[in-house]
There are 2 protein chains.
Amino acid sequence: MLGRLYEGQTCSAAWALEVVGERWSLLIIRDAMFADVTRFSDFQRRLGIAPNILAKRLEAFVAEGIFEMRGQDTEHREYVLTRKGADLKPVIIALSAWGDRWVAPHGAPIAYKHKDCGGRVTQELHCSKCGETPKLADVVARLTKAAERSR
Amino acid sequence: MLGRLYEGQTCSAAWALEVVGERWSLLIIRDAMFADVTRFSDFQRRLGIAPNILAKRLEAFVAEGIFEMRGQDTEHREYVLTRKGADLKPVIIALSAWGDRWVAPHGAPIAYKHKDCGGRVTQELHCSKCGETPKLADVVARLTKAAERSR
């Protein structure tokens, strides 16, 4: 899927959006991640999404290694998140945190919790050198040597 | 813009995607955020995006309060990120981290740095109760009381 839409962008965020930036993509992944949904019919019911769109997204996700298809030749076909798919959790958490702050009409509808202790889980910036939590405005982007090789 | 696409979803991540989930949206914001782009022509040149799409996105962003338009009646119209827009930085950083890990062909092309000390900035999960960095698999989502009011 890479390089088709955001061609010429030397940016991992753009490359990530090539894979998960289509409509419904991150919500399908969210339901697999936090509600343990694995069946086509369950995704469809929960999301209210058109079956052809859902089929297209799941097919692309399997091709990209975001989901793995199980029981493919049975009546109980399942779509299970891979490690690559499960690793998108910080993206969903970051979107939720922004949504909670700026567009949730009645406050945060979902809280992320630590399964072991029940504590509230948030995501924080961390500077590996000074150990501080930088202010957002103090986080800048710099090209690495790998950028040259990626052009 | 809220509620048009992902109607019925009680989820701040879905609500966030209503605002920034269209094609190009997050890359426009990225260029404003990390490359200080403010002019229509500069966004267009950097992104290689069709002018009508860019105009539509910027118009919607201004309506949503993600960008503020300045110099509106001059030749030097600028689009400047608001606090609400700048607050999307953790979303871009989370997408980049995933992309670096899973889809960057030659390694991370961009490093996020702390302006003050030059240290590498990453984003980490934090449990407010036990103080630990939970494993991804141990982060679960729970409905809050606000969820009822949001339906």
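**Conventions.** Residues are numbered from 1 along each chain as its sequence is written, and chains are lettered from A and ligands numbered from 1 in the order in which they are written. In this predicted model, local features need pLDDT of at least 70 and side-chain atom pairs count only at pLDDT 80 or more, whereas totals for chains, interfaces and linings use all residues.

**View 1. Chain A and its elements.** Chain A holds seven helices and five strands; helices (H or I, at least four residues) and strands (E, at least two) are DSSP runs, numbered from the N terminus. Their order from the N terminus is α-α-α-α-β-β-α-α-β-β-β-α. Along the principal axes, the C-alpha atoms of chain A fill a box of roughly 55 × 45 × 30 Å. Of the 151 residues in chain A, 38% are buried. A residue is termed buried if 20 or more other C-beta atoms lie within 10 Å of its own, exposed if 12 or fewer, and partly exposed in between, with C-beta atoms placed from the backbone.

**View 2. The side of chain B that touches chain A.** The contact takes 79 residues from chain B and 79 residues from chain A, two residues being in contact if their C-beta atoms, placed from the backbone, lie within 7 Å. Elements of chain B that each supply at least two residues to this side include helix H1 (12-20), helix H2 (25-35), helix H6 (89-102) and strand E3 (110-114). H6(B) gives the most, with 13 residues. The residues of this side of chain B divide into 44 nonpolar, 19 polar and 16 charged. Here Ala, Val, Leu, Ile, Met, Phe, Trp, Tyr, Cys and Pro count as nonpolar, Asp, Glu, Lys and Arg as charged, and the others, Gly among them, as polar.

**View 3. Strand pairing between the chains.** Strand E5 (residues 139-143) of chain A pairs with E3(B) in the antiparallel sense over five bridges; strands pair if DSSP finds at least two bridges between them. Within this pairing, Val140(A) stands opposite Lys113(B) of E3(B). E3(B) is mostly covered, four of its five residues being buried.

**View 4. The relation between the copies.** Chain B superposes on chain A by a rotation of 180 degrees with 0.0 Å of shift along its axis (RMSD 0.0 Å). The two copies are therefore related as by a two-fold rotation axis. In chain B, the C-alpha nearest the axis belongs to Glu124(B), at 2.7 Å. The same surface serves both copies, since 100% of the contact residues of chain B recur in chain A. The superposition is by least squares on the C-alpha atoms of residues with pLDDT of at least 70 in both copies.

**View 5. The largest nonpolar core.** Of the 84 residues in this core, Val91(A), Leu95(A), Val91(B) and Leu95(B) touch the most other members. A nonpolar core is a set of buried Ala, Val, Leu, Ile, Met, Phe, Trp, Tyr and Cys residues joined through C-beta atoms within 7 Å. Leaving aside neighbours within four places in sequence, Leu95(B) is in contact with Ala13(A), Ala16(A), Leu17(A) and Val91(A).

View 6. Phe61(B) lies in helix H4 (residues 51-64) of chain B and counts as buried because it has 25 C-beta neighbours inside 10 Å. Not counting residues up to four places away in sequence, Phe61(B) touches Ile66(B) and Phe67(B). The C-alpha atoms of Phe61(B) and Ser25(B) are separated by 8.7 Å, although these residues are 36 apart along the chain. In H2(B), the buried residues include Leu26(B), Ile29(B), Arg30(B) and Met33(B). Just after H2(B), Asp36(B) takes a positive phi of about 55 degrees.
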